[in-house]
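Take a look at the structure below.

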Amino acid sequence: MRILVTGGAGYVGSHCAKLLVERGHEVVVYDNLQQGHRDAAPPDATLIRGDLLDRDRLRQTFEDHAIDGVMHFAALLNVNESISQPQRYYENNVLGSLNLIGEMIRKKVHRLVWSSSCAVYGSPSSVPITEDMPKQPISPYGRTKWTVEMALRDFSQNGGLGSISLRYFNACGAASDGTLGEDRDPEYHLIPVVLQVPLGQREKVFIFGTDYPTPDGTAVRDYIHVEDLASAHLLALEAIQDGQALAFNVGTGQGYSVREVIEAARRVSGHAIPAEQAERREGDPPELYADNSLIREQLGWHPEITDISDIIASAWRWHEKNPEGYED
Ligand SMILES: NC(=O)c1ccc[n+]([C@@H]2O[C@H](COP(=O)([O-])OP(=O)(O)OC[C@H]3O[C@@H](n4cnc5c(N)ncnc54)[C@H](O)[C@@H]3O)[C@@H](O)[C@H]2O)c1
């Protein structure tokens, strides 16, 4: 198939684009390169520098390439930024997605995998989180993700669009062949932030909240390896059916605390990584981890890299080799 990968020069999108190429698909990456990196897009892919808000360029892309399906990663995803800049987030994530869906329907492309997020659940009343639990996002970012999911349901009826929304938990790790990794500026995801200490780019890490009702008092999250996310996308792409809008959690089903992550990073890097306790951050739920039985049953997916030390080791290999990130 010829797959349009929006955001394919970004972290998760580039790992998925790589796997698509390896599986024999043709890949067209569409990315404005505001967060993405030219070097992250697969060398065998066509890279179009374009914005989802540029409807003409998007239309031309669909005219120039006979697209069979779309993996849609392009979005802004900094939760705190979304609180201070809601308009930018709604425009980019919701309007951008509607532009994309509009062009897909115009060209009768009916296959879409959408990067949703566990942020659609907000602060759930219990864990593990199942797909049918209430969708009560607590940030503009989470609300943009849920808004697009709801739109996809509507379009499945009116436009015949087939879609699968994948609600990822915390994406992490790097490509096992060392070619791709996580590089954002500024960095705010826990694992790369922690690894900045052994890289000499940060003196210490802060642990936000040590009085949560969790075994060691720090927040617990589900860390899903980016290559396991990529395999979920490939299975989803194949499973999509016209007129059907499905959604699955993509997580390991296991939670690790902030302290456990830091401890694993110390073991992997051999560095003491000083950590300082700080106040809880607003809107940070104590525990988030997935019940992943639905995607296991319906798509036959399972995560391969689930041990936190293995996950961090894969990230560390990339950061050690590329301390300044991608060149371009
Ligand atoms: N990283 C995570 O932990 C995580 C968790 C849940 C969901 N997600 C979702 O996964 C997707 C990918 O996340 P990521 O971590 O790879 O982020 P990323 O910032 O590395 O990748 C997003 C890419 O989209 C591009 N982009 C953004 N807006 C665009 C626009 N309007 N037009 C064209 N390109 C645009 C950026 O330049 C970037 O390359 C996002 O939709 C995000 O919400 C990520």
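The text below starts with the domains and then turns to a pair of helices.

This is a predicted model. The protein is split into two parts, called domain 1 and domain 2. Each is built from two stretches of the chain. Domain 1 takes residues 2-171 and 223-250. Domain 2 takes residues 190-222 and 253-321.

Domain 1 gives 24 residues to the contact, and domain 2 gives 22. Now stay on the side of domain 1 that touches domain 2. Which elements give two or more residues to this side? They are β10 (223-225), α7 (226-239) and β11 (245-250). Helix α7 supplies the largest share, with 7 residues. What classes of residue make up this side of domain 1? There are 14 nonpolar, 7 polar and 3 charged residues.

Next, the helix pair. A packed pair is described by two values: the angle between the axes and the distance between them. Here the partners are α2 (residues 55-64) and α4 (residues 86-106). Their angle is about 35°. Their axes are 10 Å apart. The crossing of α2 and α4 is right-handed.

Which residues meet where α2 and α4 pack? From α2 come Arg55, Leu58, Arg59 and Phe62. From α4 come Asn99, Leu100 and Glu103. Sorted by class, the contact of α2 with α4 holds 3 nonpolar, 1 polar and 3 charged residues.

Conventions
Residues are numbered from 1 along each chain as its sequence is written. This is a predicted model: local features need pLDDT of at least 70, side-chain atom pairs count only at pLDDT 80 or more; totals for chains, interfaces and linings use all residues. Axes are lines fitted to C-alpha atoms, for helices over the stretch in contact, and angles run from 0 to 180 degrees between N-to-C directions. Helices (H or I, at least four residues) and strands (E, at least two) are DSSP runs, numbered from the N terminus. A crossing is left-handed if the near helix is turned anticlockwise from the far one by less than a right angle, and right-handed if clockwise. Two residues are in contact if their C-beta atoms, placed from the backbone, lie within 7 Å. Ala, Val, Leu, Ile, Met, Phe, Trp, Tyr, Cys and Pro count as nonpolar, Asp, Glu, Lys and Arg as charged, and the others, Gly among them, as polar. Domain bounds come from an automatic or database domain assignment.
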